[in-house]
Amino acid sequence: MGPALRRLLSRPSSLEFLGYLVGAPAANAPAERIRGLARERGSACHRYTSIAAVAREVEVEDYDTKGKDESTRRPSGVPIDDTEPSRLPIPTSASSSSPHQTLQKPWVVNGLSSTKNQHWEESLFTHEQLEFESNLDTVPEAGRPRLLDQNGYKEDFQLWACLLEYRKRIHGPQGALTFWNAVQKRNLHLPTKGVLAGKFWPEFLALGFQDRAVLDDVCLYADRMLRDTNERWSRLYVSIIEHFLVNGQGTNAQKWHNRLFKLHPPGSKFFTGMCRYVAFKNGDMEALRRIYTLNKHRNVYSRVIPLLCEREDFKGALKWHIFFISCGDLPSSSKLVEPLVHFLAIYDRPNARRVTQSLVDAGVSFASTMSNELEKDTEISREIMNLVHGKMFNISVKKYNDSLGARWFATRWVSLDVAINAVHALGIQEIGPLSLQAIALRDPDTKAVVIRIAQLRDLGISTGNSVFARAVEHFARTRNSSLLESLLSTDQHPEALEDGDLQESLLETYARAKDWTQYRRTLAIRYLVSKSPDVEKSNIILRYHVAVGSRGAVMDMLADMQIARTPVTSKSIAHIIQCSLRPRRAGHRPVTQKGMWHRATDKNGDDINAVIKILKRIMKIGCFVPILHWREIIRRLGMAGRSDDLQNLCRELAAWYGPIAPSSTWPPRRYRIPAQVPTSHHLHPLRMLFSNRLQKAIVEWGFIHNLTHRRLDLEKFRQCRGPMISSNALPTVTSGITLLKQLGQHGVYIDGKCVRSAIFNRLITYYGPGRSNRRYNRTAKSILHGKIALVAKQIDGALGKEYFTAVDLPRLVNERALTRWRRVRRRWNKRLDAKRVRSLMPELA
């Protein structure tokens with residue numbers, strides 16, 4: 001036996017408690033102590049009572065079990081008065097060899113506690129007892145009544161709820177019907193408030209929704225209870241109407257509204273909650289609108305409109321907004337209307353004006369939201385008094401000259417205290433950065449600078465809100481003497497610190513020159529003035545790595561920013577594009593230029609692939625990449641004839657910016673276009689990305705590059721089946737059309753007129769009159785000579801329908817070519833006439 005157990009058993013109190021747990025209290029224990037232990041055990045340990053303990057308890061109370069006949073047993077769970085001699089036996093275990101059976105009080109084992117009022121315990125009921133007590137359809141045997149048939153439990157609704165829950169769980173709707181029939185038969189008045197009401201009424205209503213006869217009975221029962229007791233369940237109306245509206249049964253909802261509204265009207269709170277729930281579940285909104293007009297409650301706006309906006313149902317929100325305003329249901333604050341107005345201001349300006357005008361016409365005023373702002377009292381200062389006196393004596397205001405003040409503070413023959421007091425005596429309330437620099441240079445110690453700034457503020461003189469002043473005070477208070485000395489001795493004018501672009505270019509210059517002191521100072525200043533210092537600092541370092549051409553450092557920095565969830569700013573993205581892509585003129589391919597990121601001899605020098613990789617990494621961080629950058633990359637891929645890369649990138653971008661959710665490999669986006677904005681809207685990212693001009697270009701690139709870059713299969717050439725021998729061979733010229741068709745499946749809006757116009761542009765170039773001045777067009781014209789029927793068949797195959805094979809295509813191409821030629825001639829004639837007029841102008845003068 002361990003020492004701890006030995007010490008425990010040596011305590012009399014421990015022995016008493018252990019003895020009581022096993023049902024054998026010590027004989028010499030005081031009665032008060034035993035009763036105290038009983039109270040403690042009854043309140044904290046009643047769930048762990050053993051059969052042995054109960055049996056011992058009966059023995060202590062001297063219940064004699066010998067000679068009792070089996071016919072004296074009562075049914076399980078039936079309470080017995082303390083005066084009755086009958087008791088129930090407790091079956092012994094199989095291993096017990098005692099010929100006698102130990103009896104106990106029935107309310108202890110059969111689901112009842114041994115309290116004074118003989119209260120039942122649900123946890124002590126067995127399955128057989130619950131089945132017997134809840135079976136209200138059958139008549140019990142004689143001498144074995146149910147608890148619900150006894151006087152003390154006929155209206156015990158906690159017991160009714162317990163048995164109803166069991167019956168419904170085991171027997172389903174039939175079990176609930178059993179209890180509903182019993183309630184009607186016994187004419188019970190169900191509770192109408194509290195938790196118990198929620199255990200009966202919803203169950204019986206759910207039964208009524210399956211059987212309309214039961215629903216009628218429930219409503220008649222509620223009417224009768226209201227007439228007899230003047231009590232009603234407040235959620236009856238909303239529970240029934242809500243069910244029919246959510247399930248799209250508007251006619252039944254209106255029918256039951258007429259049936260219930262007079263005797264069971266809903267409260268304002270419940271009716272508002274019902275409207276919100278129906279809107280949340282996409283129920284019958286038209287029926288809800290009709291029922292709303294028949295009710296008097298007008299506080300639904302604040303619960304429905306924000307929900308619809310949150311679910312991006314802005315069309316429904318606009319419709320309900322106009323309806324609510326017309327019914328006098330007004331928003332209580334501007335925050336309820338802001339999401340709707342913000343959306344409409346971007347995508348539907350006429351309706352945005354309609355919403356704001358409706359609020360104005362309704363007399364809605366949100367001025368109360370501004371009542372908490374403190375009004376700034378007019379401050380009577382020395383400067384104001386000087387202005388008043390100056391007007392009185394016709395003396396004009398003299399502004400503080402910062403350059404002259406700096407000379408005054410820098411003068412060595414005047415102490416600094418005298419100089420500051422003199423400025424104070426003149427009524428100056430703010431000095432400039434040059435003056436502050438002169439004061440700090442007189443004593444550049446960090447503690448001394450802090451003291452001087454405090455001295456100025458005590459005298460009512462401000463140092464201003466310039467970047468220089470904030471940096472000086474910050475470096476002084478943080479005791480960063482090296483950066484403070486560098487800032488005071490720099491040759492930059494303090495106003496130069498206000499130019500962020502200049503400071504960032506200087507930051508790159510300092511890094512290249514390895515002037516780390518000025519680099520750290522400039523970086524600290526940018527960190528100080530930024531609204532998001534951590535974000536600004538990370539983006540500055542990222543732009544530096546991009547500028548010096550360190551691609552590995554750029555990817556590492558993006559990885560760190562992804563881990564830290566630091567967003568990449570649009571300025572950084574534009575900097576990446578500017579420094580990484582080779583320059584090009586509009587309508588021309590990029591020029592060949594040797595640079596750090598696009599050397600022709602560098603195996604990894606593909607600038608387009610490098611930028612695509614970086615931008616994809618930025619998108620995986622969750623940042624928004626402006627559409628114009630992707631448009632430029634797509635144009636470069638198309639001009640370079642990289643069809644596979646073009647198709648892969650377009651499909652990925654369509655999945656990312658489109659209404660269809662991207663694959664699981666993409667992270668959640670920090671932004672999202674509302675689902676109700678169609679992809680044909682001019683502000684939708686997909687529409688901005690795949691504009692009409694780009695769709696035309698994609699179609700024409702499929703013709704141009706497949707006819708220019710022709711792959712020669714040597715095996716076919718040896719077998720005399722090469723393209724130079726097979727006169728009927730036709731390259732695939734519809735890759736652009738196929739790509740647009742795939743993009744359309746991703747939700748991209750495809751303009752059929754643009755596609756048709758691009759196809760005819762190519763056909764006119766290859767089969768129309770005239771000669772192109774571009775070499776690749778002349779080569780393609782020679783390849784496609786006499787194959788217009790094959791081209792038309794291939795185009796219709798890509799479009800999925802007969803368009804070009806069903807018409808006289810050569811005649812149609814010639815007519816369009818002549819129309820275009822006449823248009824071009826008129827344009828040329830106008831230009832020639834304009835030049836001729838300009839040449840005659842000097843002579844007329």
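I looked up burial to begin with: of the 845 residues in the protein chain, 40% are buried (under 20% relative accessible area; over 50% is exposed and in between is partly exposed, with a 1.4 Å probe and protein chains only). I'm working on a predicted model, where local features need pLDDT of at least 70 and side-chain atom pairs count only at pLDDT 80 or more, while totals for chains, interfaces and linings use all residues. My numbering runs from 1 along each chain as its sequence is written, and side-chain values use heavy atoms, with hydrogens and water left out.

**Fold.** I count 41 helices and two strands in the protein chain (DSSP runs numbered from the N terminus: H or I of at least four residues for helices, E of at least two for strands).

**Rings.** I searched the whole structure and got 24 aromatic pairs (Phe, Tyr and Trp rings, the six-membered one for Trp, with centres within 6.5 Å; planes under 30 degrees apart are stacked, over 60 edge-to-face, the rest tilted). Tryptophan 180 and tyrosine 221 make an edge-to-face pair, at 5.5 Å centre to centre and 80° between the planes. Tryptophan 180 is in helix 8 (residues 173-186) and tyrosine 221 in helix 10 (residues 212-229), so this pair ties together parts 41 residues apart in sequence. Both tryptophan 180 and tyrosine 221 are buried.

I then checked tryptophan 320 with phenylalanine 323: edge-to-face again, 5.5 Å between centres and 90° between planes. Tryptophan 320 and phenylalanine 323 sit three residues apart in helix 16 (residues 314-326), so about one helical turn separates them. Tryptophan 320 counts as buried because its relative accessibility is 4%; phenylalanine 323 is buried too, at 11%.

Ring pairs also join a cluster that includes Phe157, Trp180, Phe200, Tyr221 and Trp233.

**Charges over rings.** Arginine 289 lies over the face of tryptophan 320, 4.9 Å from the ring centre (the cut-off is NZ of Lys or CZ of Arg within 6 Å of the centre and within 35 degrees of the ring normal). I found arginine 816 over the face of phenylalanine 760 as well, at 4.1 Å.

**Cores.** The largest nonpolar core has 81 residues, and Ile618, Trp630, Ile633, Ile634 and Phe690 touch the most other members (a core is buried Ala, Val, Leu, Ile, Met, Phe, Trp, Tyr and Cys joined through side-chain atoms within 4.5 Å). Apart from it I see another core of 80 residues, among them Ala176, Leu205, Leu236 and Ile291.

Which residues is tryptophan 630 in contact with, leaving aside neighbours within four places in sequence? Among them I noted Ile612, Leu615, Lys616, Tyr657 and Leu689 (contact means heavy atoms within 4.5 Å).
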